[in-house]
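Here's a quick briefing to go with the viewer. Open the structure, keep the sequence alongside, and work through the points below.

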Amino acid sequence: MRLSRFVMLGLATAALSACDKKNEVTTPTLPPLSFVRFINAVADTGGLDVRAVDQVELSPVGNNLTFRTATTYFQTQAGVRHLRVFPTSTDINVTSQVMADALVTLPADSHLTLLLAGSARAGAVKLWVIDDNAPIPAAGQIGVRLLNAAGGVIDGHVVATATTALLATPTFSSLGLL
């Protein structure tokens, strides 16, 4: 019984001595941040994992992104970041295959989309950086952006409704790959 009292007395003394009498609150300082999201536009594969491999803290992550899925924006440390894309799998031999490897510059206070596009079967998966800081359109106007991630050359038409007939001249003409 005495031993347990001495142990409790020692623990109480240690707990009280660890308390700070000033009751100051510390605020961690964060490095400059960028806001990043991922979109998977690779049609010929299953899920993909995107990882920053240069550091753990403040790094964007995309797990099991299937075709046409996207993440929300991640707060991530700005600067040059090393990103890799892997196939999603529980088999270590599959999931350790690097499908894309890129150094990406993430400017501070910016919103970016990192678009995974290309062909997994052809070994040509790329990570495209798209600046989402578009100018705000004037009142009563809309902004339209057309990106070609499929390859080849395309034309784009902006129409009022899905049933509106296309004009002879496209809004976007001969748009090449990103």
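Is Ala52 buried or exposed? Ala52 is buried, because its relative accessible area is 13%, under the 20% cut-off for that label. Keep in mind that this is a predicted model. The rest of the briefing starts with the chain as a whole and then zooms in.

**The chain overall**

- You're looking at a chain with two helices and 10 strands.
- Along the principal axes, the C-alpha trace spans about 95 × 50 × 30 Å.
- Of the 178 residues in the chain, 24% are buried.
- Take the contacts with a separation of 6 or more: 54% of them link residues 24 or more positions apart.

**Ala52 and strand 2**

- Ala52 belongs to strand 2, which covers residues 48–52.
- Strand 2 is largely enclosed by the rest of the structure, because four of its five residues are buried.
- Leaving out residues up to four places away in sequence, Ala52 touches Ser59, Pro60, Arg81, His82 and Leu83.
- Leu83 is also the bridge partner of Ala52 in strand 5.
- Strand 2 and strand 5 (residues 79–87) run antiparallel and are joined by five bridges.
- Strand 2 also pairs with strand 3 (residues 61–65), in the antiparallel sense, over three bridges.
- Within that pairing, Val50 has Gly62 in strand 3 as its bridge partner.

- Four strands make up an open sheet in the order 4-1-7-8, and the pairing is mixed.
- Strand 4 (74–77) and strand 8 (124–131) are its edge strands, each pairing on one side only.
- From one strand to the next, the twist averages 35°.
- Some background on sheets: strands pair through backbone hydrogen bonds, either parallel or antiparallel.
- Strand 7 and strand 8 are an antiparallel pair, with eight bridges.
- To find your way around, look for Leu114, which stands opposite Val129 in strand 8.

**The aromatic pair**

- How many aromatic pairs does the count come to? The count comes to one aromatic pair.
- The pair is Phe38 with Phe74: the ring centres are 6.5 Å apart and the planes are at 50°, so the pair is tilted.
- Phe38 is in strand 1 (residues 33–40) and Phe74 is in strand 4, so the pair ties together parts that are 36 residues apart in sequence.
- Phe38 counts as buried, at 0% relative accessibility.
- Phe74, on the other hand, is partly exposed, with a relative accessible area of 26%.

- Ser110 sits in the loop between strand 6 (100–106) and strand 7 (111–119).
- Although it is in a loop, Ser110 is buried, with a relative accessible area of 6%.
- The side chains of Ser110 and Ser34 make a polar contact at 3.3 Å.
- Neighbours within four places in sequence aside, Ser110 is in contact with Leu33, Ser34, Phe35 and Asn133.

**Positive phi in the loops**

- As a reminder, most residues other than glycine have a negative phi.
- Asp109 is exposed, with a relative accessible area of 66%.
- Arg68, another residue that isn't glycine, has a positive phi near 70°.
- You'll find Arg68 in the loop between strand 3 and strand 4.
- Arg68 counts as exposed, at 70% relative accessibility.

Methods
Residues numbered from 1 in each chain as written. Predicted model: local features only at pLDDT ≥ 70, side-chain atom pairs only at ≥ 80, totals over all residues. Heavy atoms only, no water. Buried < 20%, exposed > 50% of the residue type's maximum accessible area, 1.4 Å probe, protein only. Polar contact = N/O pair within 3.5 Å; in protein donor to acceptor, adjacent residues only side chain to side chain. Contact = heavy atoms within 4.5 Å. Pairing = 2+ DSSP bridges. Axes fitted to C-alpha atoms, helices over the stretch in contact; angles between N-to-C directions. Phe/Tyr/Trp six-rings, centres within 6.5 Å; stacked < 30°, edge-to-face > 60°.
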